[in-house]
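The structure is shown first, and the description follows.

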Amino acid sequence: MKQFPLDERVVYEIPIGTNVPTTLMFPSAPSALESAGITAKPETPAPVLLSHVPGRHYLSVRALKPDAQATLNVIWKNHTYIIRFTASEKPYGSITFYEDRLAGRSAALAKRVTPDALLGLLDRAKTFRLVHEQYPEAVQQIEHRAPPAAEAVTCYKDFSATVEEVFRFDPEDTLVFKLKLENTGDTEVAYQPQSLAARIGSRVYTASISDASGLIPPHAVTTAYFAITGTPDGGRANLSVKNVFNIIVPRVTRDVQLVIPQ
């Protein structure tokens, strides 16, 4: 089960299965559907089968081929929403699209993402595995990914930052990162927790909140959490957990203590 805000600037990537249907629900009935690679008749060749009754607010799709790909444009309230389907062994069972009047509005987003709310997101990320094991239905709306080693590590001169896990909280448009910071040198590494950031392509997203010590002892490993919210100019970013993230750890020089000879 997934929930997404309706945003015509986003291309929704939806995994679907060959043996189970994926149902998409809208706030009200779409006024029109335009598609490529989709058929409503099983006898008509196409990679994806669509089931929809005009006037109803939901539709279902199923892949007819193991490598199926298709695109559906949904016209709803004079706006077009683009949905791309790809056959997968881990399909979504249902998707609920909701009308989010806060989407893309920086003032409204700021009201939603308060410091207390961000602290709550950090706590939810920290307890994700435990809750997932005991109450999996409670974390169904949290997107989670553990990046492969090849794309998870950002190397510095004598230490590295590894993205062990990344979580997405869609209503708050926030990604939370769990980092492993490993110091291979002989001296401690001091950094600014509040200035942790993630670079995606050419854009840099600085921390909206962090939970980190600011220090990596020599030959040691520490854990740090930080979150990024929205875009640098205050709008929604709609970032995916599937991005490749380069982690920026701003190193600082420790204050030098002046010792006065007696």
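Lys 2 lies in strand E1 (residues 2-5); strands here are DSSP runs of at least two residues, numbered from the N terminus. Lys 2 is buried yet has no salt bridge, and Glu 143, the nearest side chain of opposite charge, is 5.2 Å away. Buried denotes under 20% relative accessible area (1.4 Å probe, protein chains only), and a salt bridge requires a side-chain nitrogen of Lys or Arg within 4 Å of a carboxyl oxygen of Asp or Glu. Lys and Arg count as positive, Asp and Glu as negative, with His and the chain ends not counted. Beyond its neighbours within four places in sequence, Lys 2 has contacts (heavy atoms within 4.5 Å) that include Tyr 92, Gln 141 and Glu 143.

Glu 143 leads on to strand E13, where its bridge partner is Arg 168. Strand E13 (residues 159-169) is largely enclosed by the rest of the structure, because 10 of its 11 residues are buried.

E12 and E13 form a hairpin with 3 residues between them. In the hairpin of E13 and E14, 4 residues separate the strands, and Asp 173 takes a positive phi near 50°.

Residues are numbered from 1 along each chain as its sequence is written. In this predicted model, local features need pLDDT of at least 70, side-chain atom pairs count only at pLDDT 80 or more, and totals for chains, interfaces and linings use all residues, while side-chain values use heavy atoms, without hydrogens and water.

Conventions:
Buried < 20%, exposed > 50% of the residue type's maximum accessible area, 1.4 Å probe, protein only. Pairing = 2+ DSSP bridges.
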